[in-house]
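Welcome, and thank you for taking a look at this one with me. Please have the sequence and the 3D view open side by side as you read.

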Amino acid sequence: QVQLVESGGGLVQAGGSLRLSCAASGRTFSSYVMGWFRQASGKEREFVAAMRRSGGSTYYADFVKGRFTISRDNDKNTVYLQKNSLRPEHTAVYYCAEDRDSAYEDHYAQQYAYDYWGQGTQGTVPT
């Protein structure tokens with residue numbers, strides 16, 4: 001059974017940074033794609049960023065380009081999301097997810113592509 005555990009959320013002032021971590025345990029870190037999604041209060045969950053294991057290609061939602069960076073450390077079975085220049089609109093619960101099916105590798109922005117999800121970590125940027 002795979003478990004994904006996020007950490008690194010918290011409260012940060014506008015303009016500040018947070019680094020989220022997602023540690024995978026239970027089985028070999030053999031995902032095709034690792035992704036980050038977010039869900040703000042009263043809104044649907046949406047794609048933030050993703051990274052392929054093969055080749056390391058990264059993908060970002062338009063609203064985070066230039067501010068967020070996804071990376072992974074395969075030796076530590078961990079994926080990261082570095083969030084810089086944060087604004088109040090970045091307040092949300094952030095979830096990491098793992099895709100273990102190559103058939104969905106190109107569907108990285110879609111929730112259905114992912115097989116496992118973490119419990120989420122809250123990131124708050126007050127107004």
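Ala49 belongs to strand 5. One thing to keep in mind from here on is that this is a predicted model.

**Strand 5 and its alanines**

Is Ala49 buried or exposed? Ala49 counts as buried, because its relative accessibility is 0%. Leaving aside residues up to four places away in sequence, Ala49 touches Met34, Gly35, Trp36, Tyr59, Tyr60, Ile70 and Leu81. Tyr60 is also the bridge partner of Ala49 in strand 6. The C-alpha atoms of Ala49 and Tyr60 are separated by 4.3 Å, although the two residues are 11 apart along the chain.

Ala50 is found in strand 5 as well. With a relative accessible area of 0%, Ala50 is buried. Its contacts, again not counting residues up to four places away in sequence, include Val33, Met34 and Gly35, then Ser57, Thr58 and Tyr59, and also Tyr108 and Tyr114. The C-alpha atoms of Ala50 and Leu81, which are 31 residues apart along the chain, are separated by 9.6 Å.

Six of the seven residues of strand 5 are buried, so strand 5 is largely enclosed by the rest of the structure.

**Partners on either side**

Strand 5 pairs with strand 4 in the antiparallel sense, over six bridges. Within that pairing, Val33 stands opposite Arg52 in strand 5. The hairpin of strand 4 and strand 5 has six residues between the strands, and Gly42 there takes a positive phi near 80°.

Strand 5 is also joined to strand 6 (residues 58-60) by three bridges, and these strands run antiparallel too. Strand 5 and strand 6 form a hairpin with five residues between them, where Gly55 in the turn has a positive phi of about 90°.

Nonpolar side chains tend to be buried together in soluble globular proteins. Here, the largest nonpolar core has 31 residues, and those with the most contacts inside it are Trp36, Val48, Leu81 and Tyr94. At least two residues of this core come from each of strand 3 (18-25), strand 4 (33-39), strand 5 (46-52), strand 7 (68-73), strand 8 (78-83) and strand 9 (92-99). Which strand gives the largest share of this core? That is strand 5, with five residues.

Not counting residues up to four places away in sequence, Val48 touches Trp36, Leu81 and Tyr94, and its other contacts include Phe37, Tyr59, Val64 and Phe68.

**One disulfide**

A search of the whole structure finds one disulfide. This disulfide joins Cys22 to Cys96, with an S to S distance of 1.9 Å. The pair links distant parts of the chain, with Cys22 in strand 3 and Cys96 in strand 9, 74 residues apart. The torsion about the S-S bond is about 50°, so the disulfide is right-handed. Both Cys22 and Cys96 are buried.

**Aromatic pairs**

The structure holds seven aromatic pairs. A pair of aromatic rings is described by the distance of the centres and the angle of the planes. Two of the pairs are set out here.

| Pair | Centre to centre | Angle between planes | Type |
|---|---|---|---|
| Phe37 and Tyr114 | 5.3 Å | 85° | edge-to-face |
| Tyr59 and Tyr108 | 3.9 Å | 15° | stacked |

Phe37 lies in strand 4 and Tyr114 in the loop between strand 9 and strand 10 (116-117), so their pair ties together parts that are 77 residues apart in sequence. Phe37 is buried at 1% relative accessibility, and Tyr114 is buried at 7%. Tyr59 lies in strand 6 and Tyr108 in the loop between strand 9 and strand 10, so this pair ties together parts that are 49 residues apart in sequence. Tyr108 is partly exposed, with a relative accessible area of 21%. Phe37, Phe47, Tyr59, Tyr108, Tyr114 and Trp117 form one aromatic cluster.

**A last stop at strand 11**

Thr121 lies in strand 11 (residues 121-124). With a relative accessible area of 11%, Thr121 is buried. A polar atom of the Thr121 side chain lies 3.2 Å from the backbone nitrogen of Gly9. Not counting residues up to four places away in sequence, Thr121 also touches Glu6, Ser7 and Gly8, and its contacts include Leu20, Ala92, Val93 and Tyr94.

How values were computed. Residues numbered from 1 in each chain as written. Predicted model: local features only at pLDDT ≥ 70, side-chain atom pairs only at ≥ 80, totals over all residues. Heavy atoms only, no water. Core = buried A, V, L, I, M, F, W, Y, C linked by side-chain atoms within 4.5 Å. Buried < 20%, exposed > 50% of the residue type's maximum accessible area, 1.4 Å probe, protein only. Helix = DSSP H or I, 4+ residues; strand = E, 2+ residues; numbered from the N terminus. Contact = heavy atoms within 4.5 Å. Polar contact = N/O pair within 3.5 Å; in protein donor to acceptor, adjacent residues only side chain to side chain. Disulfide = S-S within 2.5 Å. Pairing = 2+ DSSP bridges. Phe/Tyr/Trp six-rings, centres within 6.5 Å; stacked < 30°, edge-to-face > 60°.
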